[in-house]
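Here's a quick tour of a two-part question: how do the chains meet, and what sits inside them? Have a look at the model first.

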Amino acid sequence: MRRYFVVNGFDGALTMLGLIIGFLISVPADLSVIINVCMGAAIALGMSGVSSAFVSETAERRRALGELEEAMISDLQESAHGAAARWVPLLIALVNGSAPLVISLLILLPLWLSIAGIALPVPPLYAAIIVALLLIFLLGVFLGRIAGISLLRSGIQTLLVAVVTAALIYLFAGF
Amino acid sequence: MVFVKGIVLDVLKPHQPNALEFSKAIAKVGVDYYVRLTVLEVDENTETLQIKIEGSAIDFEAVQSTISDLGGSLHSIDEVEVQSEVDVG
């Protein structure tokens, strides 16, 4: 479950970072257009996360349950194993889909605040990039906590991935 | 009234839940159940158990239902202890 959250949360954060940097290096666009494009991507990421996890987890759990039923020579549909095979894919799908969606919405928060007329210390697109980098760092810290390694080192590692992504975008799309 | 005081069951279960969780779940069926679980054989996906349950009035149907809920399969009832008691009141 944690792995799904981190992997897909990372997907969401990097996608938003990529989109926002793309807008930054393009002809200036209206903030509402940027929000709509990013929201479209966020919702698509969420739906992709839900559906892909549900389909793959259901198949895996069904197969595992079938093997267990074969070994037990009995029907386990009404047992805790059968219930788990039905509910766990739903739960994983929910985590898998909500992680990129929630992280994307957090990254887009500065853009909404700006549209609502709330003054930000930095331009909204830069504020969104700062939020994205912060969330990517925190995902790394979370990974470090799971692995029991240095939190700072793990956070910096994921942050480096974001920096490399930004550099690649500037390199290939900045002209 | 006849009360079941003790039973020994032969049960096949998946590896999960483990023996401790399995026996605890059975013990929770009654208020004074004593459960002794012995793993007799371990296969790739299953374990064969001998479960001895003692109590003042064992509810066999509830025990059997708990075993099924946990994915276990009751193979046989190997020993039974019952006692008749006069209803008071």
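Is Thr66(B) buried or exposed? Thr66(B) counts as buried, because its relative accessibility is 16% (buried means under 20% relative accessible area, exposed over 50%, partly exposed in between, with a 1.4 Å probe and protein chains only).

## Ground rules

This is a predicted model, where local features need pLDDT of at least 70 and side-chain atom pairs count only at pLDDT 80 or more, while totals for chains, interfaces and linings use all residues. Residues are numbered from 1 along each chain as its sequence is written, chains are lettered from A and ligands numbered from 1 in the order in which they are written, and side-chain values use heavy atoms, with hydrogens and water left out.

## Around Thr66(B)

Thr66(B) sits in helix H2 of chain B, residues 60-69 (helices are DSSP runs of H or I with at least four residues, strands are runs of E with at least two, and both are numbered from the N terminus). Skip the neighbours within four places in sequence, and Thr66(B) is in contact with Ala25(B), Ile26(B) and Val29(B) (contact means heavy atoms within 4.5 Å).

## Where the chains meet

Chain A brings 10 residues to the contact and chain B brings 13. Between them the two chains bury about 700 Å², with 67% of it on carbon and sulfur atoms (buried area is the accessible area, 1.4 Å probe, that two parts lose on being put together, summed over both). On the chain A side, Ala71(A), Met72(A) and His81(A) lose the most area to chain B, together 59% of what that side buries. There are 2 residue pairs in polar contact between the chains, both at pLDDT 80 or more (that's a pair of N or O atoms within 3.5 Å; within protein, one must be able to donate a hydrogen and the other to accept it, and residues adjacent in sequence count only if both atoms are side-chain atoms).

Which elements of chain A give two or more residues to this side? They are helix H2 (31-72) and helix H3 (80-115), and H2(A) gives the most, with 4 residues. His81(A) belongs to helix H3 of chain A and, at 17% relative accessibility, counts as buried. Beyond four places in sequence, the contacts of His81(A) include Leu65(A) and Leu68(A) as well as Pro14(B), Gln16(B), Pro17(B) and Leu70(B).

Most residues other than glycine have a negative phi, and most peptide bonds are trans. Gln16(B) and Pro17(B) are joined by a cis peptide bond, with omega about 0 degrees; Pro17(B) lies in the loop between strand S1 (2-14) and helix H1 (19-27) of chain B.

Ile73(A) isn't glycine, yet its phi is positive, near 50 degrees. You'll find Ile73(A) in the loop between H2 and H3 of chain A, and it is exposed, with a relative accessible area of 75%.

## The cores

The largest nonpolar core has 27 residues, and Leu17(A), Ile20(A), Ile34(A), Ile107(A), Leu111(A) and Ile136(A) touch the most other members (a nonpolar core is a set of buried Ala, Val, Leu, Ile, Met, Phe, Trp, Tyr and Cys residues joined through side-chain atoms within 4.5 Å). H1(A) supplies the largest share of this core, 8 residues. Apart from this core lies another, of 15 residues, with Ile26(B), Val35(B), Ile53(B) and Leu70(B) among them.
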